[in-house]
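Have a look at it first, and then we'll go through some of its parts.

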Amino acid sequence: MALLAQYVIGGLAAGGLYALVALGIVLLYRTSRILNFAHGDLATFGTFIAFSLLVTYHSPFAIASAGALLITGVIGAAFYFLILRPARDASLLGKIVITLGFALLLQGTSTLLWGTDTKVLPFPLSDVRVYRLGGLVVSQISIGSFLIGLVLMGLVYVLVQRTKVGLAMRAVSQNLVAAQALGIPAKSIFALTWGLASALGATAGILLAPVALLDPSMMLDPFLKGFSAAVLGGIDSPPGAVAGGLLLGVIEAVFAGYVSVRFKTTLAFLIIIAVLIVRPEGMLGREYKRRV
Amino acid sequence: MAGNAAAWAGGGDPAEKLRRVELRERYEDDLFLVRGPAGWVAAAVLAGGLAALPLVAPKYLIYIASLVAVNAVIAVGLNVLVGYTGQISLGHAGFVAIGAYAFGIVAARIPWTPAAGAWGVPWIAGLIAAGAVSAVFGLLVGLPALRLTGPYLTIATLGFGIAVHQVLINWEWLSGGRAGLFVPKLTFAGRPLGDAEIYWIALIVSAALTVLAFHIVRSYVGRAFVAIRDSDIAAEVMGVSLTTYKTTAFAVSAAYAGLGGGLYAIVLHYLEPNQFTLLESITYFSMIVVGGLGTIPGSVLGAALLTILPLEFSGFRQWQPVVYGLAIIVVMALEPRGVYGRWLKIKRWFKTWPF
């Protein structure tokens, strides 16, 4: 039983990161109906920026991470303004392919600038220092990143549900033409969403870097898991993204602990496919209705 | 527009003018792959040029051309699914892997008699197995796809591709694990085939499958696919069985991917699980979107473009993803309907000039 609890704790720590990644994907999908395949690579890019600010320019951690989040957000918004918006004649599939191209571009740029060798991101919380909570062992960094993740999710919730900007985001996602007719600056809202989602991804990257090793393909697996978590929870539902991420993390950790580490990713996808067969709109997604 | 053209031209033989702008009177006219004497001449020149390529080209170029032929098969199949039926697949590398390993196992592990080898049986049997096994998996993936659309289908197919990759890496008996699986060189009448002959095999199979795909999409099956893509509800109301045709589309597309995988094994002689990652699925997907969704020639063009481009830049390996990504972005930003869509626009402009 203690072992199971230990696996669950480990799974929640990983799942918190999946949830952060998923949240960024869901925010973008809700407003623009675009699956952003560059999300993971943009997050890696942001983590590398934090690494450079920390190691090359010796800035304090808070400034470095804030700077990295800001720069990543600006890159995300710039991608929307400079590439996606001029190509608005493209079909939805075409736009998805553009984000795939952007992902390759970012990955290549990270490799050119920082090389393929793995790096260690200095992080104020320790991976080695652990706390014992009634027989369970928890590392300082998992507690820290889980709490940071929870705070960020709360902030996103407040932003989307309780502020005027969030109201505008929801309006744009529900009916773009009507929102524009009512005077909502849709362009700025889209750009803001891109920036926000990118910064969320970069946060996940910075939190992950001390546990995984920082290299240009660091975010590939977390991105796929986050994407799956978003779909599992329902791709237009932020609470679904969080629930999906945590659930996926726990299932993976328990399966890896008891059965097989090697097939844990395979299992994760099989479960998602099974859930989707029963509920094609994900766990918390809106019921799939269409006007004929 | 045709009538206008004749009226504008004034005198002369109106029928002649009409023929110049190609008045199409029947629906079937719209569906020919090769049109008119000029089209047949162009097709013959293209076929002759491709067939004669090994006589003039250096060895590495023959290899690249063989890869283009292989990828064209996969891209054409994927376009039948994505471009014509409107179902997304980001797991096509999984079908390609299944086909490649089916071929490898039939050709390398089954003890064929030399006589069978002399008739080329192992590779023909291998190709058939590659297509058939892959088609069965296509049916299996097509079943959950009946209920899923958009991002949900994307994740389901993507998960399938990753699952195949993981199984191949971890099931060493099947795949030879990280050491890989060596596929023996093809022999005919006891003599191993050279690069040029392998290129011809790839070219002939690829050309035959491309023409077959063209005939599939212009048949009633293809019209059912297009109806499902444009509106599945309307298609169902008109009597198109979604179950039958969606799973058929998946099976056809997977069979093409499997045959492409078999050809890939023939061309490369060596299979390894990491040749079939998510990146490959993304590359196949990019091929058809860059080439032109819902067009057979576009699939071939896209396959050629995205196969040659990264190989040409292999000298600057670290620049390859940057160039590749930029190329995709630029093509999509300039011409949303793909390279073939742009080609059609240019052709129309010249045909209707000066209008």
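## Two loop residues in chain A

Let's start with Arg33(A), which sits in the loop between helix H1 (2-32) and helix H2 (39-55) of chain A. Helices here are DSSP runs of H or I with at least four residues, strands are DSSP runs of E with at least two, and both are numbered from the N terminus. Arg33(A) isn't a glycine, yet its phi is positive, at about 60 degrees. (Buried means 20 or more other C-beta atoms within 10 Å of a residue's own, exposed means 12 or fewer, and partly exposed is in between; C-beta atoms are placed from the backbone.)

With 8 other C-beta atoms within 10 Å, His58(A) is exposed.

## How to read the model

Everything here comes from a predicted model, where local features need pLDDT of at least 70, side-chain atom pairs count only at pLDDT 80 or more, and totals for chains, interfaces and linings use all residues. Residues are numbered from 1 along each chain as its sequence is written, while chains are lettered from A and ligands numbered from 1 in the order in which they are written.

## A hairpin in chain A

Strand S1 (residues 130-133) of chain A pairs with strand S2 (residues 136-139) of chain A over four bridges, in the antiparallel sense. Two strands count as paired if DSSP finds at least two bridges between them. Looking across the pair, Val130(A) stands opposite Ser139(A) in S2(A), and Leu133(A) stands opposite Leu136(A) in S2(A). The hairpin has two residues between the strands, and there Gly134(A) takes a positive phi near 55 degrees.

## A helix pair in chain A

Next up are helix H9 (residues 220-233) of chain A and helix H10 (residues 238-258) of chain A, which pack with their axes 7 Å apart at an angle of about 120 degrees. That angle makes H9(A) oblique to H10(A). (Axes are lines fitted to C-alpha atoms, for helices over the stretch in contact, and angles run from 0 to 180 degrees between N-to-C directions. Under 35 degrees counts as roughly parallel, over 145 as roughly antiparallel, 65 to 115 as roughly perpendicular and the rest as oblique.)

Residues of H9(A), including Lys225(A) and Ala229(A), meet residues of H10(A), including Gly240(A) and Leu248(A). A contact needs C-beta atoms, placed from the backbone, within 7 Å. By class, this contact has seven nonpolar, six polar and one charged residues. (Ala, Val, Leu, Ile, Met, Phe, Trp, Tyr, Cys and Pro are nonpolar, Asp, Glu, Lys and Arg are charged, and the others, Gly among them, are polar.)

## Over to chain B

Chain B contains 17 helices and four strands. Of its 355 residues, 45% are buried. Take the contacts in chain B between residues at least 6 apart in sequence: 77% of them join residues at least 24 apart.

One residue to look up is Ala100(B), in helix H5 (residues 92-108) of chain B. Ala100(B) counts as buried, with 33 C-beta neighbours inside 10 Å. Leaving out residues up to four places away in sequence, Ala100(B) touches Gly261(B), Gly262(B), Tyr264(B), Ala265(B) and Leu271(B).

## A helix pair in chain B

Helix H4 (residues 59-84) of chain B and helix H10 (residues 195-218) of chain B cross at roughly 20 degrees, and their axes come within 9 Å. H4(B) and H10(B) are therefore roughly parallel to each other, and the crossing is left-handed.

The residues of this contact divide into 19 nonpolar, three polar and two charged.

## Where the chains touch

How many residues does each chain bring to the contact? Chain A gives 38 residues and chain B gives 32 residues. On the side of chain B, helix H8 (150-170), helix H14 (278-291) and helix H16 (320-334) are the elements that give two or more residues. H8(B) gives the most, with 11 residues.

Technical notes. Contact = placed C-beta atoms within 7 Å. Left-handed = near helix turned anticlockwise from the far one by under 90°.
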